[in-house]
Amino acid sequence: MTSWTTKLRDELTDGKNILENAAQVVADFDVLSWRQWQSLLALRADAVAQHVTVRLASSLSQDGYDLLDDEFGAQSGPFRLFCTKQVIPQALRFLFWDHFKSFASREPSAVEAVRSVFVSDLPEVVANPTFSIRRWDTSSIEIGIDEPSTSPVHVVNDATGTGVVPVSLDPWFALWPVSADAPDLRATCVRRMALALATSIIRDRTNSLTALVDLKKKSKAIIEDDGDAIWQSLGGDNLEAAAKWVYLDGKDTDNRHSLLAAELSRSLPKGATWGTGLFAALPGALESARVAYRLHLYDKSIDALKLMSDLRKGLSEDVKAVASQTAALSAGLWRDAAVAVGAVAFKYVSGSAGVFVLLLTAGYLLASCYLNQRVAAKAVAAIKGNEATFRTKLFLPLLTSDEYKELAGDRYSAVLDEFDTYSKLVIKAYILAASLVVGFALWPQIMHVIEMAVRYAAASFQC
């Protein structure tokens, strides 16, 4: 059996300039047939049960008179059909799914104020424990869903006083899986979740909306506007995961939000805007915050959080130390390259007297390569040993191996790989340089040997 909302939607699609918001649907008709007139009369009669008022008016008049009270043909077009939806607490109703998606993008705060949405042509029911999106096909509107998640306004300070902090993230969690084909709606989901991860939102001296993530360190970033392309150009899966972890994983929202904000403050790129910086820092920050929270649950928070800080500080120093050894190899290579070039120049101006100098230079290059590599390798080995000792004796009794890797991040392993790769390249460069210097020094002798070999081969061939 065709529902009332489906019949109304079918009649509206015969019109033009169809507009819909939370309060009403409006459509224009140039003319109405007898069938359409009778259908509108039937829809008006049944509209009361749907908590909707249906009225037909002349597009040329604003007297509010309902033309459906007259006989068919008594009035000529054009006509305008008004379908006014009565307010139902905690619910929104829409006839068209596309209209709702546009409305949610334009007025996100209105969507956050309810707990259920009913759409007549909804492609699929969105199952979500804290916010429901169902088909509007009956007169019964049931809100029955689980308790909503913690509101961001309880943990994010809105210093602007203008209500920029989302009232609820439940609608955006529900809409996220079905927003892939609606760029504006997806951008709205991303931005609303991003706003809920700040510690405080203020207006700076230029009146730009700004997110603070650490009040003591004053870590802040300007928030991009609603229409900024950044919200559409970047994927938001990590952001959704972070927002769900903070606001849906139990009642301890304050602690989870504080831990994530602390991690974001540490890793947010300097000078980056909020959207760009958040997407860059969030993957690592979320993993670290999760580890910290698990330790907090195990009553290890006092020692663990200090050790986490020590771990990051120690690894940061190790990264700098390894990088300095890589730089030392590079500096030594360029210095010795200058020595080799000088020796070649000396050979050029001194003739045969420079042969001994070139051979000595080749020996110097090989010795310098060995000594530089030995010193750098021993320094890096000491750094590795020191890190391994601290990891085994100090951190692993408190952290699992996986948790240690999450906190350590990829930079330490990456800088070690860079050192090994560059060290091999430097060795090859030294060997090549020494070979070229020797070849240049003995070039006359080499050419003489080649010439003698050619002559011998030619003589043998003639015999």
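In this predicted model, strand S3 and strand S4, the latter spanning residues 79-85, run antiparallel and are joined by seven bridges. Within this pairing, Arg-55 stands opposite Phe-82 of S4. The two strands belong to an open sheet of four strands, arranged in the order S1-S2-S4-S3 with antiparallel pairing. At the edges of the sheet lie strand S1, made of residues 16-20, and strand S3, made of residues 52-58, each of which pairs on one side only. From one strand to the next, the twist averages 10 degrees.

Helix H1, formed by residues 4-12, lies across S1, S2, S3 and S4.

Attention may next be given to the backbone of two loop residues. Most residues other than glycine have a negative phi. His-51, however, has a positive phi, near 60 degrees, and is found in the loop that lies between helix H2 (residues 34-46) and strand S3. The relative accessible area of His-51 is 32%, so this residue is classed as partly exposed, a class that falls between the limits of 20% and 50%.

A positive phi is also found at Asn-207, where the value is near 70 degrees. This residue, Asn-207, is located in the loop between strand S9 (residues 200-203) and strand S10 (residues 209-214). Because its relative accessible area is 52%, Asn-207 is classed as exposed, a term that applies over 50%.

Definitions and conventions:
Residues are numbered from 1 along each chain as its sequence is written. This is a predicted model: local features need pLDDT of at least 70, side-chain atom pairs count only at pLDDT 80 or more; totals for chains, interfaces and linings use all residues. Side-chain values use heavy atoms; hydrogens and water are left out. Two strands pair if DSSP finds at least two bridges between them. Axes are lines fitted to C-alpha atoms, for helices over the stretch in contact, and angles run from 0 to 180 degrees between N-to-C directions. Contact means heavy atoms within 4.5 Å. Buried means under 20% relative accessible area, exposed over 50%, partly exposed in between (1.4 Å probe, protein chains only).
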